[in-house]
Amino acid sequence: MNKEIRPDRRRFLGRAATAVMTVAAARLGGAGPAKAQTGKPAPAGFGPLKRVKAGDLDVGYAEAGPADGPPVLLLHGWPYDIHTYAEVTPLLAAAGHRVIVPYLRGYGTTRFLSADAPRNGQQAALGADAVALLDALKIDRAVIAGCDWGARTACIVAALWPERCRALVSVSGYLIGSPEANRAPLPPAAELSWWYQFYFATERGRAGYEKHTRDFARLIWRTASPRWRFDDATFGRSAAAFDNPDHVAIVVHNYRWRLGLAEGEPKYDQLERRLAAGPTIAVPTITLEGDANGAPHPDAASYAKKFTGRYAHRVVTGGVGHNLPQEAPRAFADAVIGAGR
């Protein structure tokens with residue numbers, strides 16, 4: 001099923017989101033073993049950050065909404081951060097959801113528990129992180145939604161741990177892959193759009209990303225969302241998340257692993273074999289695509305059959321690019337609410 005949504009009246013929605021945020025702020029709070037972080041300023045759009053030990057990580061995350069509300073886990077991508085959901089979060093909280101927005105490994109306040117842990121960005125590791133976070137917060141099932149790396153991670157949880165996923169919302173659809181599948185060459189124009197993947201394959205690229213992280217991220221924002229007119233403050237609040245000491249290592253490993261140029265961890269081998277088979281997803285799903293997405297992304301027709309349960313695909317119009325939840329927060333929030341019904 002295809003449906004088009006136009007996120008017009010942006011100024012009105014911005015004012016509405018601000019008003020809703022005020023209501024939601026009064027409901028901020030959490031449940032489970034996590035404790036509010038102290039000594040750190042709250043990110044714009046969120047209450048005080050929290051921390052919880054989950055799997056290999058000490059996860060920094062934002063939480064909003066009633067502690068007994070239906071849980072929603074929102075996962076960001078690269079080169080973005082939790083502010084992808086700064087306007088989505090209060091909308092969902094006001095609708096009665098308990099909203100969890102974690103920093104992925106290598107971003108923001110999330111840290112590895114061990115200095116010796118591999119700084120591993122492979123897809124199964126990120127999927128396992130999400131499940132470990134649900135365990136740590138004592139959440140049995142959640143609507144899981146994401147964009148970019150977060151969409152891939154959400155798809156992985158839905159495919160491998162469907163009992164933990166009440167419903168799925170994925171920007172750009174089915175993104176599970178494997179190094180083996182990525183060995184197949186693409187047409188030149190498609191390869192060009194992945195230029196940064198090849199850049200990261202070199203030590204020059206690693207050094208360049210480490211030296212110019214913010215300039216690099218700003219370039220990706222502009223090319224992936226060519227009609228999104230974000231300002232310096234909006235970019236700056238997300239760019240602070242890249243100061244994480246593991247950020248460069250995680251990003252570079254992620255892209256090298258995709259091309260088969262870096263090894264993953266043996267403990268994820270079984271999960272990766274299952275993912276390489278391209279498992280179908282049976283949980284209720286809504287996929288979204290912006291009509292001005294400048295980042296590499298598959299055509300919706302190529303992945304529709306991967307979703308075997310209740311399924312809908314929506315195109316969000318009006319110049320919406322790759323960072324869809326931040327560019328069209330109402331459309332994304334509506335998809336989360338609709339998928340979870």
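A contact here means heavy atoms within 4.5 Å. Among the contacts in the protein with a separation of 6 or more, 78% are accounted for by residues 24 or more positions apart. This is a predicted model, in which local features need pLDDT of at least 70 and side-chain atom pairs count only at pLDDT 80 or more, while totals for chains, interfaces and linings use all residues. Residues are numbered from 1 along each chain as its sequence is written, and side-chain values use heavy atoms, with hydrogens and water left out.

The protein has 14 helices and 11 strands, taken as DSSP runs (H or I, at least four residues, for helices; E, at least two, for strands) and numbered from the N terminus. Of its 341 residues, 58% are buried. Buried means under 20% relative accessible area, exposed over 50%, and partly exposed in between, with a 1.4 Å probe and protein chains only. The accessible surface comes to about 14400 Å², and carbon and sulfur atoms hold 54% of that area; the areas come from the Shrake-Rupley method with a 1.4 Å probe, and for residues only the protein chains shown count as cover.

Leaving aside residues up to four places away in sequence, L134 touches L73, I139, A142, I144 and R164. L134 and I100 are 34 residues apart along the chain, and their C-alpha atoms are separated by 9.5 Å.

On a 1 Å grid over the protein atoms alone, a cavity is a set of points where a 1.4 Å probe fits but cannot get out, and lining residues have an atom within 4 Å of a point. The structure holds 2 cavities of 30 Å³ or more, a volume being the space filled by probe spheres set on grid points that are joined across faces, edges and corners. By class, the lining of the largest cavity has 9 nonpolar, 2 polar and 2 charged residues. Nonpolar covers Ala, Val, Leu, Ile, Met, Phe, Trp, Tyr, Cys and Pro; charged covers Asp, Glu, Lys and Arg; the others, Gly among them, are polar.

K138, in the loop between α3 and β8 (142-146), has a phi of about 60 degrees and is exposed, with a relative accessible area of 66%. D148 sits in the loop between β8 and α4; its phi is near 60 degrees, but D148 is buried, with a relative accessible area of 13%.

Helix α4 (residues 149-160) contains R152, a buried residue with a relative accessible area of 15%. Not counting residues up to four places away in sequence, R152 touches Q123, L175 and R258. Q123 is 29 residues from R152 in sequence and 7.6 Å away in space, C-alpha to C-alpha. The R152 side chain reaches the backbone oxygen of L175 at 2.9 Å.

W78 and P79 are joined by a cis peptide bond, with omega about -10 degrees. P79 is placed in the loop between β5 (71-75) and α2 (88-94).

Methods. A polar contact is a pair of N or O atoms within 3.5 Å; within protein, one must be able to donate a hydrogen and the other to accept it, and residues adjacent in sequence count only if both atoms are side-chain atoms. On a 1 Å grid over the protein atoms alone, a cavity is a set of points where a 1.4 Å probe fits but cannot get out, and a pocket is an open set with protein on both sides within 12 Å along at least five of seven lines; lining residues have an atom within 4 Å of a point.
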